[in-house]
Amino acid sequence: METITLEIDGKKVETAKGTTLLQAARKAGIDIPTLCHDDRLAPYGACRLCLVEISRNGRKRLVASCAYQAEEGLVVRTETEKIVRIRRMIVELLLAVSATGPLQALGQKYGLKESRFKGGQPKCLLCGLCVRYCAEVKKNNVTCFVGRGIERDVVFLSDLSHTLCPVCRECLPLCPSGTLYSLYLKGYNGAPEPGSNKGV
Ligand code: FES
């Protein structure tokens, strides 16, 4: 196995070639917050909570650590003032959309009791965990994205979901906003309740 050495928060870290900065940092005991990441899934890079600063030859930039591969000699900083400020803003925006378990914990981490931004009913955060889990791990493709821009949403494909979801439901606990379970209970976006055998 080919290994590379890089520096993360002042620590020399040796890791296998091909690992991401997030994996290398975690291996070194350095915590980086994530929301759309799951070790079982391909990198997605949607939430940007895992931003870190990389520098090489004096040039610095921010990258999503869950999607950026570790490189030989790279210098990485995971918690600069700028990064904390950006993460705090991301968490505050997310809290306006939903304030459930993982987001509450992130709010506490960044000293946020509530969001300055206007909220409403909890909404899907479009992290894609359910969609990707269903496609990549279960190979079922029952949950999927529909729409574009602010109309983008997640749905259960009703013809498949009536047979596959009642015996699986593994995507439900992955949802950080808690909205997937409501969608499931609603009967897959307006379709009959799970187990009703009415078909669509
Ligand atoms: S965890 Fe890296 S972008 Fe979401």
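I began at His37, whose side chain makes a polar contact with the side chain of Asp39 at 2.9 Å. I took a polar contact as a pair of N or O atoms within 3.5 Å; within protein, one must be able to donate a hydrogen and the other to accept it, and residues adjacent in sequence count only if both atoms are side-chain atoms. The model is predicted, so local features need pLDDT of at least 70 and side-chain atom pairs pLDDT 80 or more, while totals for chains, interfaces and linings use all residues. Residues are numbered from 1 along each chain as its sequence is written, and side-chain values use heavy atoms, with hydrogens and water left out.

**Entry 1: around His37**

I placed His37 in the loop between α1 and β3. Helices (H or I, at least four residues) and strands (E, at least two) are DSSP runs, numbered from the N terminus. Is His37 buried or exposed? His37 counts as buried because its relative accessibility is 17%; buried means under 20% relative accessible area, exposed over 50%, and partly exposed in between (1.4 Å probe, protein chains only). Not counting residues up to four places away in sequence, I found His37 touching Leu22, Arg26, Cys66 and Leu129, where contact means heavy atoms within 4.5 Å.

**Entry 2: the cores**

I then looked up the nonpolar cores, each a set of buried Ala, Val, Leu, Ile, Met, Phe, Trp, Tyr and Cys residues joined through side-chain atoms within 4.5 Å. The largest has 21 residues, and Leu6, Ile8, Leu21, Val52, Ile54, Leu74 and Val76 have the most contacts inside it. At least two residues of this core come from each of β1 (3–8), α1 (21–27), β3 (51–56) and β4 (59–64). The most come from α1, which gives four. Apart from this core lies another, of 18 residues, including Leu103, Leu125, Tyr133 and Leu174.

I listed the partners of Leu6, leaving aside neighbours within four places in sequence; among them are Lys11, Val13, Leu21, Ala70, Leu74 and Val76.

**Entry 3: α2 and α3**

How do I describe two packed helices? The angle between their axes and the distance between the axes are used. Helix α2 (residues 81–97) packs on helix α3 (residues 101–109) at about 140°, with axes 10 Å apart. Axes are lines fitted to C-alpha atoms, for helices over the stretch in contact, and angles run from 0 to 180 degrees between N-to-C directions. I noted Val91, Leu94 and Leu95 of α2 in the contact, with Leu103, Gln104, Leu106 and Gly107 of α3.

**Entry 4: β6 and β7**

Strands β6 (residues 143–146) and β7 (residues 153–156) pair in the antiparallel sense over four bridges; two strands pair if DSSP finds at least two bridges between them. Phe145 has Val154 as its bridge partner, and Thr143 stands opposite Phe156. The two strands form a hairpin with six residues between them, and Gly147 in the turn has a positive phi of about 80°.

Asp9 is not a glycine, yet has a positive phi of about 50°. I found Asp9 in the loop between β1 and β2 (11–16), partly exposed at 37% relative accessible area. Arg169 has a positive phi near 60°. Its place is in the loop between α5 (158–164) and α6 (179–185), and Arg169 is partly exposed at 39%.
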